[in-house]
Amino acid sequence: HMETQAWQVLDRAHYLHPFTDHASLRQAGSRVAVRGEGVYVWDTEGDRIIDGLSGLGCVNIGYGRPELVKAAADQMQALSFCQSFFNTTHPSAVLLAEKLSQILPEGLNHVFFQSSGSEANETAVRAVRRYWDLAGKPERRVIIAREAAYHGSTHMAASLSGIPPMYGAGGDIPLPSVTHIKTAYQYRNGPGMDPEEFGILAASWLEERILEIGPDKVAAFFAEPAQSAGGALCPPMSYWPEIQRICKKYDILLVVDEVVCGFGRTGKWFGSFYYGIQPDIMQLGKGITSGYLPLSACILSDRVADLLIEEGGEWAHGFTYSGHPSCCAVALENIRIMEEENIVENAEKELIPYFRAKLETFVGHPLIGDVRSVGLMGGLEIVKNRVTREAYPYEAKIGYHCSGEALKRGLAFRANGDTMSLMPPLIITRQELDTVFEIAREALDATAVAFGV
Ligand code: PLP
C-alpha cells in the first residue's frame, strides 16, 4: 500500500495525463482513485467522490457491475484475442454487430469496430471518401463540421473538432478538407430569438456553406445530436429535421457522432431517436461498454455499405483490436443489463424531469448566464455579466476554479470552457442527484466569492 504522496510523485515523474495543464497539476497534485461502485469513486485518502460526469460521459450503468467483469473474464478465458482481418470471425463480435443493427435506427446494418471514438470518426471519414470515390464523384471532398464540436484527438478527428486550442496541440490541423459552421448555440448565436425559429436559422448556416463551396464538392456533414464537450449545446427540435432536409436536397452524407449521446444520454437509446435523425453513418463509443473496456463502432447504412463493401473490393482499413473479443462481450452484457433493468426508460421517466428541475434552480445564480440540458446532459454557463453575456477572459480559468471547488467537496463536475457540465450515470438516484446539485451550488458559490461576485 503506497501513500497518496508517493503516488503523486511517481505520477508527476512519468505519467502524461491527457488534456491536462501539467504545471498546475504539479501544484495541485492528482487525486489517486482506487475503487468505484455505483455512482461513487474512492481515492487513496478514503474520500468518496460522487461522479457527476459518468467518468467522461461513459460509465452509464455505474461502476463495479460484477456481470461485466465476468463477461470480460469468461471471454478472455475462452478466446482472448481473435483477428478478423481476413476470413476469421468470432461470436461476440457477430452477436454485437447484430444487436446494434436491431436497436439502431433502420438501415444502419453494417458495423465496423475499433477501440475509441476518435478512431470511429477516422473510420467514418474514410468510409465517406471511399463511398464518393466508388460512386464516381471523387470531387466530393469537403467535410462540414461545427464550431465547438469535439470528435476526438487523432488528426482527422481533431480537425473535425471545432475547438481552435486543439489545433495548436501539434500536427497540421485542421486538415484542409474540413470546414466549420456556426452551431445551434442559442445563448451566443441567437439570443432572444424564438427557439424553433433559431433552429431553422442555425440549420440554414449549413445550406449557406454548401452553396459557398458548391454542392457537388461537399462530401458529408458531421455532427453530434447534442454537443457534449461543447458545453451541453442542445438544439431546438426544429434544427435536425431541417438539417436532414438540406443534406437530402444536396445529396450530402449525414454522419452522426453518437459517442456521447448514444446509450441513453438523451433519455432515448440514441440521440438520433430523440431528435428524429436518420444518419447515413453513425459513430458509437463510450457508453457501448459503459466504459468498462475500450470499444467503438462506426455503423454504415445500407446505402453506404452496399457500394463500399459489396462492390468496392477490399477496404484497406482496420485495427489490430477491431472487434476485440472481451470488449464485444462486455458491450453485449452491458446492453443486456440496460434492457433488462429498463435503465434508459427509467432515466427518461424518473430522473430527467428531476434533473431538469434541479438545473433550473440555478437560473438567477449570480455567476450563471445560461442553463441548458437534454436528457442527463446538462450545462450551466458561467458569465462575467449576465446582462451583456460577457464571458470571463480565458486566462481567468473560472470553470477550472469551479471544478476544483467541487472536487474538494467530493463532486466530479467538469468545466467545458466556462460551462459547468453534468452527465451523471443513468443509474443515479434522485437522492444522489440532490447531493450532486448541493455540492455544485456550494462550488459555484465559493467560486463567486473567489471572483468577487
Ligand atoms: N466524439 C465525441 C462526441 C466525444 O465526446 C469524444 C470524446 O469525448 C470522442 C468522439 C472521442 O472519443 P475517444 O476519446 O474515445 O477517442
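**Figure 1. Overall fold of the predicted protein chain, with 17 helices and 15 strands.** Helices (H or I, at least four residues) and strands (E, at least two) are DSSP runs, numbered from the N terminus. The radius of gyration is 22 Å, close to the 22 Å from the globule rule for 453 residues, so the chain is as compact as a globular protein of that length. This radius is taken over C-alpha atoms, and the rule is 2.2 Å times the number of residues to the power 0.38. Along the principal axes, the C-alpha atoms fill a box of roughly 60 × 55 × 45 Å. Residues are numbered from 1 along each chain as its sequence is written. The model is predicted: local features need pLDDT of at least 70, side-chain atom pairs count only at pLDDT 80 or more, and totals for chains, interfaces and linings use all residues.

**Figure 2. Shell of 15 residues around the ligand.** Ser116, Gly117, Ser118, Gly152 and Val259 are the closest. Helix α6 (residues 117–134) gives the most to this shell, with 3 residues. By class, the shell holds 5 nonpolar, 8 polar and 2 charged residues. Ala, Val, Leu, Ile, Met, Phe, Trp, Tyr, Cys and Pro count as nonpolar; Asp, Glu, Lys and Arg as charged; the others, Gly among them, as polar.

**Figure 3. Packing of helix α10 (residues 195–213) with helix α11 (residues 239–249).** The axes lie 8 Å apart, at an angle of about 25 degrees. That makes α10 roughly parallel to α11. Angles under 35 degrees count as roughly parallel. Axes are lines fitted to C-alpha atoms over the stretch in contact, and angles run from 0 to 180 degrees between N-to-C directions. The crossing of α10 and α11 is right-handed, meaning that the near helix is turned clockwise from the far one by less than a right angle. From α10, the contact uses Gly199, Ile200, Ala202, Ala203, Leu206 and Glu207; from α11, Tyr239, Glu242, Ile243 and Ile246. Contact requires C-beta atoms, placed from the backbone, within 7 Å. The residues divide into 7 nonpolar, 1 polar and 2 charged.

**Figure 4. Crossing of helix α15 (residues 343–360) and helix α17 (residues 430–450).** Their axes come within 11 Å and cross at roughly 20 degrees. α15 is therefore roughly parallel to α17. This crossing is right-handed. Leu351, Tyr354, Phe355 and Lys358 of α15 meet Arg430, Leu433 and Phe437 of α17. The contact has 5 nonpolar, no polar and 2 charged residues.

Conventions:
Angles under 35 degrees count as roughly parallel, over 145 as roughly antiparallel, 65 to 115 as roughly perpendicular and the rest as oblique. Two residues are in contact if their C-beta atoms, placed from the backbone, lie within 7 Å. A residue is near a molecule or strand if its C-beta atom, placed from the backbone, lies within 6 Å of it.
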